[in-house]
Amino acid sequence: MEVLDAIYRAESRRVLATLVRLLGDFDLAEEALHDAFAAAVERWPRNGVPANPRAWLVSTGRFKAIDQLRRRATFDASLGALAQQLDEAAPPADDVSDDGVEDDRLRLIFTCCHPALAPDAQVALTLREVCGLTTEEIAHAFLTTAPTVAQRIVRAKGKIREARIPYEVPSRSDLSDRLDAVLRVVYLVFNEGYSASAGGELTRRDLSAEAIRLGRLIVELLPEPEAQGLLAMMLLHDSRRSARTGPDGELVLLDQQDRSLWNRAQIAEGLALVEQALMSRRLGPYALQAAIAALHAEARDAVATDWNQIVGLYDVLLRLEPSAVVELNRAAAIAMRDGPEAALHLIDAILDRGDLTDYQFAHSARAELLRRLGRSGEAIAAYGRAITLSAQEPERRFLEGRVSGLLA
Amino acid sequence: MKYLCLIYSDESQWPKQPTSDADTMMAEYGAFTEGIKKSGQYIGGNRLQPTATASTVRIRNGKLSTTDGPFAETKEQLGGYYLIEAKDLNAAIQVAAKIPGARAGSIEVRPIAEVPAAVGVA
């Protein structure tokens with residue numbers, strides 16, 4: 001039944017979010033969700049699709065769960081009491097209104113991204129419960145095994161239950177810290193998809209798409225500037241996807257990319273979001289990084305890019321969140337604005353401090369600058385260092401190509 | 001729900017602390033304790049003797065082993081605790097964050113395992 005398929009895709013996560021609240025337990029809610037859809041498969045073709053499918057699914061799922069608990073009560077008396085309690089706490093009719101449901105979706109997101117859960121468990125749980133990915137899909141995306149992912153999810157659910165992590169949207173005073181945790185999970189998922197940390201494929205589109213979908217949902221539910229900033233940044237980076245790799249899967253750097261391949265629709269959406277985030281005057285790291293990506297997106301080519309403003313944005317970002325990686329990115333912008341010599345001094349200073357000594361991109365950036373300065377011997381050594389640190393096949397090939405260019 | 005808030009700090013720093021700082025800290029602890037007594041979240045709390053007095057007891061393969069020192073070997077040691085009542089982990093974390101020691105050290109928040117009560121079916 002096609003209708004059912006479409007309803008499953010559109011509503012299953014919403015129904016789950018509400019069932020978790022009504023039943024107070026993830027596993028019980030998941031089972032109830034499946035039972036509700038199983039009942040729909042059986043009854044809808046016969047009786048027709050109900051006027052409000054979502055409400056039908058929620059109340060059917062809830063009844064099935066209570067029923068299930070009653071049956072199990074034969075073996076475990078405490079379940080009988082629980083079933084009684086759930087039955088008496090009948091949900092008010094407006095429980096499945098659009099507003100109520102959207103609140104449940106936020107509750108689900110904040111619970112899955114609770115900082116008391118281990119970071120990798122937050123990611124796995126969010127992809128499982130909020131995005132509806134299977135354990136196998138998550139394992140595949142993170143290059144790990146399904147049992148590992150399953151174990152993380154089981155542990156996280158156990159902690160939610162045992163330590164009593166509440167199913168709620170944080171209070172106003174906690175919101176910004178808690179939203180940071182949520183955005184960090186989304187950013188992690190995006191990054192994993194955008195620049196896979198190991199393996200042969202440069203991009204794993206599914207995860208990036210999932211992160212963008214999550215980002216959209218969060219902006220829709222909670223239009224905070226940093227949420228807008230993160231979504232904008234993801235869209236703007238993702239817009240360059242087809243230009244990032246050459247015909248043989250090799251890496252193409254930003255200044256070499258064919259900008260006609262950039263996704264204009266994603267850029268337009270990203271630029272509008274950056275503008276909204278900047279107008280809030282509450283600038284955070286994501287909005288700043290999105291603003292930098294926006295300047296790249298707006299430029300005809302590398303030379304025509306407003307490098308001065310990019311350096312300025314990196315300065316603000318560094319004041320907000322000092323980090324050697326951001327310093328390195330700022331140095332790359334300095335190279336474009338003031339030339340390779342000035343940038344090389346900055347990178348050498350970072351490395352002399354002992355920071356980023358094992359960071360591949362510090363060495364590849366340094367190698368690039370040395371190459372442009374005609375210091376071939378030093379450039380080859382720096383490329384060599386970057387190659388040994390690189391975990392990605394396309395990147396390694398790119399760097400090796402640079403070395404052979406210098407040896408020729 | 002009951003939670004145990006364990007206060008970790010670097011105890012080697014304690015003797016080096018100026019008396020005025022120690023007095024301020026004691027006053028802050030006094031105020032915090034009063035605060036959670038008023039809010040009804042206080043169940044108990046104590047300062048602990050330094051870790052030199054600590055022992056860790058384990059049973060391995062049915063045999064009792066007692067070792068000198070605290071459980072974890074980190075640069076911070078367990079220095080005290082509060083046993084509190086909070087409706088959920090978020091509320092417990094809110095209380096723990098107000099413990100003065102949270103600023104220099106860390107607080108371990110542990111839910112207290114509750115003995116399951118026999119539930120009679122009505």
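Okay, let's start with chain B, which runs β-α-β-β-β-β-α-β when you read along the sequence. That comes to 2 helices and 6 strands. And just so everyone has it in mind, what we're looking at is a predicted model.

So, confidence. For the complex, the predictor reports an ipTM of 0.71 and a pTM of 0.80. Chain B has an average pLDDT of 81, and 85% of its residues score at least 70. If you go element by element in chain B, helix H1, residues 19-38, has the highest mean pLDDT at 93, while strand S4, residues 63-68, has the lowest at 70. Then there's the stretch 117-122 of chain B, where the pLDDT is below 50. In the model, that stretch has 7 contacts beyond near neighbours in sequence.

Now the sheet. Which strands make it up, and in what order? It's an open sheet of 4 strands in chain B, ordered S2-S5-S1-S6, with antiparallel pairing. At the edges you've got strand S2, 42-47, and strand S6, 106-111, each pairing on one side only. On average, neighbouring strands in this sheet are turned by 20° against each other, ignoring direction.

Let me walk through the pairings of S1. Strand S1 of chain B covers residues 2-9, and with S6(B) it makes an antiparallel pair over 6 bridges. If you want to click on individual residues there, Tyr3(B) has Pro111(B) as its bridge partner in S6(B), and Ile7(B) has Ile107(B). S1(B) also pairs with S5(B), again in the antiparallel sense, over 8 bridges. There, Ser9(B) sits opposite Gln77(B) in S5(B).

What packs on this sheet? That's helix H2 of chain B, residues 89-98, touching S1, S5 (77-85) and S6 of chain B. The direction of H2 makes about 150° with that of S6(B).

A couple of whole-chain numbers while we're here. Chain B has 122 residues, and 17% of them are buried. As for contacts within chain B between residues at least 6 apart in sequence, 74% of those join residues at least 24 apart.

Over to chain A. The domains are domain 1 at 2-96, domain 2 at 97-194 and domain 3 at 317-408. Between the C-alpha centres of domain 2 and domain 3 of chain A, the distance is 35 Å.

How many residues does each chain bring to the contact? Chain A puts in 11 residues and chain B 7. On the chain B side, by class, that's 5 nonpolar, 1 polar and 1 charged.

One residue I'd like to zoom in on is Ala163(A). You'll find it in the loop between helix H8 (146-162) and helix H9 (172-194) of chain A. Leaving out residues up to four places away in sequence, Ala163(A) touches Ala116(A), Leu89(B) and Pro111(B).

Methods
Residues are numbered from 1 along each chain as its sequence is written. Chains are lettered from A and ligands numbered from 1 in the order in which they are written. This is a predicted model: local features need pLDDT of at least 70, side-chain atom pairs count only at pLDDT 80 or more; totals for chains, interfaces and linings use all residues. Two residues are in contact if their C-beta atoms, placed from the backbone, lie within 7 Å. Ala, Val, Leu, Ile, Met, Phe, Trp, Tyr, Cys and Pro count as nonpolar, Asp, Glu, Lys and Arg as charged, and the others, Gly among them, as polar. pLDDT is the predictor's confidence in each residue, from 0 to 100. Domain bounds come from an automatic or database domain assignment. Two strands pair if DSSP finds at least two bridges between them. Axes are lines fitted to C-alpha atoms, for helices over the stretch in contact, and angles run from 0 to 180 degrees between N-to-C directions. A residue is buried if 20 or more other C-beta atoms lie within 10 Å of its own, exposed if 12 or fewer, and partly exposed in between; C-beta atoms are placed from the backbone.
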